[in-house]
Amino acid sequence: MSPLAENILSAAGAMPEGGLLSPKEFLHLGSRAAIDKTLSRLAQEGKLLRVSRGAYVAPRQSRFGTRPPSTESVVQAIEASYGETVVACGAAEANALGLTAQVPIREVFLTSGASRMLHLGSRCVELKHGNRWQLLLGNRPAGKVIRALSWLGPEATPAALKQLRANLPASEWEAVCGARPILPSWMAKVVGEAMTDTSSSA
């Protein structure tokens with residue numbers, strides 16, 4: 001094994017699960033062409049996984065053999081490495097909040113970065129560029145609620161809001177209400193109506 005390959009694998013082994021490797025991290029060790037070729041060869045040998053263009057991860061060892069890193073660990077690494085905001089899609093949020101029993105078939109996340117596919121072994125994870133209002137509150141409960149309501153649509157949202165309002169901390173409900181200026185018009189209207197219902201019943 002070449003010294004370059006050894007250095008790359010050493011760096012990969014020192015990273016936490018899901019840690020991303022970029023060719024640019026190794027430019028002090030050789031030419032870009034040599035680095036790209038070495039990364040490609042290590043991926044072909046199964047010592048690294050090519051997640052997306054210019055991004056590699058190390059497979060994890062388990063008692064059953066090697067496995068790809070978890071989706072959550074790679075998503076966290078993308079946020080840390082690229083400065084992106086990455087959140088679950090509305091369908092996944094609605095399921096997690098108990099608003100639907102429907103489990104999404106595909107793993108889809110919204111990102112402030114470019115849309116792309118991540119390849120984690122046999123799993124394909126889709127990153128879709130999200131709207132500002134979908135990402136504004138990140139992974140806090142209020143953000144999850146907004147994305148879930150977006151997926152549910154205008155007809156189902158009023159009943160869902162009543163259910164969520166009973167379980168949301170006051171600060172998170174206030175955050176949902178405070179986001180109305182940047183929400184789609186239909187959602188801002190439904191949230192406003194829920195606020196009126198809450199105040200009139202108090």
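Predicted model: local features only at pLDDT ≥ 70, side-chain atom pairs only at ≥ 80, totals over all residues.

Q: Why is the contact between Lys47 and Glu45 called a salt bridge?
A: A salt bridge needs a side-chain nitrogen of Lys or Arg within 4 Å of a carboxyl oxygen of Asp or Glu. The N to O distance between Lys47 and Glu45 is 3.4 Å, so the pair qualifies. The structure holds nine salt bridges.

Q: What makes Lys47 and Glu45 buried, partly exposed or exposed?
A: Buried means under 20% relative accessible area and exposed means over 50%, with partly exposed in between. Lys47 has 36% and Glu45 has 45%, so both Lys47 and Glu45 count as partly exposed.

Q: Why does the pair of Glu126 and Arg106 count as a salt bridge, and where do its partners lie?
A: The side chains of Glu126 and Arg106 meet at 2.6 Å, N to O, and the limit is 4 Å, so this pair counts too. Glu126 belongs to strand 8 and Arg106 to the loop between helix 4 and strand 6, so parts 20 residues apart in sequence are tied together.

Q: Is Glu126 buried or exposed, and what about Arg106?
A: Glu126 has a relative accessible area of 18%, under the 20% limit, so Glu126 is buried. Arg106 reaches 56%, over the 50% limit, and is therefore exposed.

Q: What makes up the lining of the largest pocket?
A: The volume of the largest pocket is about 210 Å³. Of its 13 lining residues, the closest to the centre are Cys89, Gly90, Ala91, Val108 and Lys128. Helix 4, strand 6 and helix 6 each give two or more residues, and helix 6 gives the most, with three. By class, the lining has seven nonpolar, three polar and three charged residues.

Q: Which element gives the largest share of the lining of the second largest pocket?
A: That is helix 3, with four residues. This pocket holds about 170 Å³ of space, and its lining includes Glu93 and Lys144. The lining divides into five nonpolar, two polar and four charged residues.

Q: How do you know that the span of helix 6 agrees with its number of residues?
A: At 1.5 Å a residue, the twelve residues of helix 6 should span 16 Å, and the end C-alpha atoms are 16 Å apart, so the two agree. The buried residues of helix 6 include Arg147, along with Val145 and Ile146. Just after helix 6, Gly153 takes a positive phi of about 90 degrees.

Methods: Residues numbered from 1 in each chain as written. Heavy atoms only, no water. Buried < 20%, exposed > 50% of the residue type's maximum accessible area, 1.4 Å probe, protein only. 1 Å grid on protein atoms, 1.4 Å probe; cavity = no way out; pocket = protein on both sides within 12 Å on 5 of 7 lines; lining within 4 Å. Points joined across faces, edges and corners; volume = space filled by probe spheres on them. Nonpolar A, V, L, I, M, F, W, Y, C, P; charged D, E, K, R; others polar. Expected span 1.5 Å × (residues − 1).
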